[in-house]
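Colleague: I'm new to this one. Please walk me through it, starting with the helices.

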Amino acid sequence: MKHFVIASVLVIVVTVLIILGLGSIDLVPNLASAEGEYVDLMFRAQLYVISFIFALIIVFILYSVVVFRRKPGDTSDGPHIRGNTTLEITWTVIPLIVVMGFGVWGALHLSEITAQEPNELVVEVTGFQFGWRFEYPDYGVNSSELYLPRDRKVLFRLTSTDVIHSFWIPEFRIKQDAVPGLWTELRVTPTQPGDYRVRCAELCGYAHSAMYAPVVVVEPDEFQAWLEGQEVGTPTPPEDLTPVERGAQLAEQQGCLSCHSIDGSTQVGPTWLGLYGSERPLEDGSTVVADEEYLRTAILDPGSQVVQGFPNIMPPAYTFLSDEELAALVAYLESLSD
Ligand code: CUA
């Protein structure tokens, strides 16, 4: 009985120490959504339970190792113990209740998090290798940045153009897969104005870890102003742009700049700065001059001429570009070599 009391006290002390220790580390970034409150609450509750179970196991093991260790010269056997029905039922039933309790509690929160609300802001999100595009269908706005107003529930409708990605904003706590050929849904209410980042949480290829998009949460009136600015700006008719401007717009919209820099830095793919007109050493040992024909081929059939030092990973998905769009992109690339 004495041992049991001491071990129990130690379990409580160790549990508290683990909880305090974990609490002093930033396990998760600052919370910035209403739904995240539920997630954080359950996360903390699980952490407490886990800390207790961990303490329970290691305290009893270490206590036994130290206190009941073999004395010098003692060669006798310990007592033979065969089964303990009460103990076995206890350690089966209690965890069962705890796990089922968490299951029910989680389901209740999930139904609140996913509940519909009137006046939701719909944002269609398209994931692609390797970036994100955002569409606001109610406003006819397209953007490579995710602008959101504070305190309004957002319904994200997610899809992908190539492989499975996972839409994740850690400060919002919620996450959902973006699957080609499917529309998945996710709801969230941002509560803290600020700058965040969409990340991809599904290993989706070579540049998975670079698959970011900026998130900006602003006050509702600022959001309205942003929308209006976009509405004026977005449908800029292609005929009003020079080919170079049009190419720059396409590079942004199509996510080219997720992998290709225009400042000379090497990202996933070769930089576009000074690319046009340069000599390109190819994987097979040959060299080719990056003329217009080369650039067109590189966009439409990227696997046919792979530049040395870069993996052959560019999606051959850009055949949907019209001749005019292709010419604009090539003109833009040319403008980066002066
Ligand atoms: Cu997309 Cu990982």
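Modeller: The crossing of helix 6 and helix 7 is right-handed. Helices here are DSSP runs of H or I with at least four residues, strands are runs of E with at least two, and both are numbered from the N terminus.

Colleague: What sort of model is this?

Modeller: This is a predicted model, where local features need pLDDT of at least 70 and side-chain atom pairs count only at pLDDT 80 or more, while totals for chains, interfaces and linings use all residues. Residues are numbered from 1 along each chain as its sequence is written, and side-chain values use heavy atoms, leaving out hydrogens and water.

Colleague: At what angle do helix 6 and helix 7 pack?

Modeller: About 120°, with the axes 10 Å apart; helix 6 covers residues 292–300 and helix 7 covers residues 323–335. Helix 6 is therefore oblique to helix 7. Axes are lines fitted to C-alpha atoms, for helices over the stretch in contact, and angles run from 0 to 180 degrees between N-to-C directions. Oblique is what remains after under 35 degrees (roughly parallel), over 145 (roughly antiparallel) and 65 to 115 (roughly perpendicular).

Colleague: Which residues of helix 6 meet helix 7?

Modeller: Glu292, Leu295, Arg296, Ile299 and Leu300. On helix 7, their partners include Leu326, Val330 and Glu334. Contact means heavy atoms within 4.5 Å. By class, this contact has 8 nonpolar, no polar and 3 charged residues. Nonpolar covers Ala, Val, Leu, Ile, Met, Phe, Trp, Tyr, Cys and Pro; charged covers Asp, Glu, Lys and Arg; the others, Gly among them, are polar.

Colleague: New topic. What is the strand order in the open sheet?

Modeller: The order is 4-10-9-6-7, with 5 strands and mixed pairing. Strands pair if DSSP finds at least two bridges between them. Strand 4 (146–149) and strand 7 (175–178) are the edges, each pairing on one side only.

Colleague: How many bridges join strand 6 to strand 7?

Modeller: There are 4, and the two strands run antiparallel. Tryptophan 168 has lysine 175 as its bridge partner in strand 7. Tryptophan 168 also stands opposite arginine 199 in strand 9.

Colleague: And strand 9 with strand 10?

Modeller: Antiparallel, with 5 bridges. One of the pairs is aspartate 195 with valine 216 in strand 10.

Note on methods:
Left-handed = near helix turned anticlockwise from the far one by under 90°.
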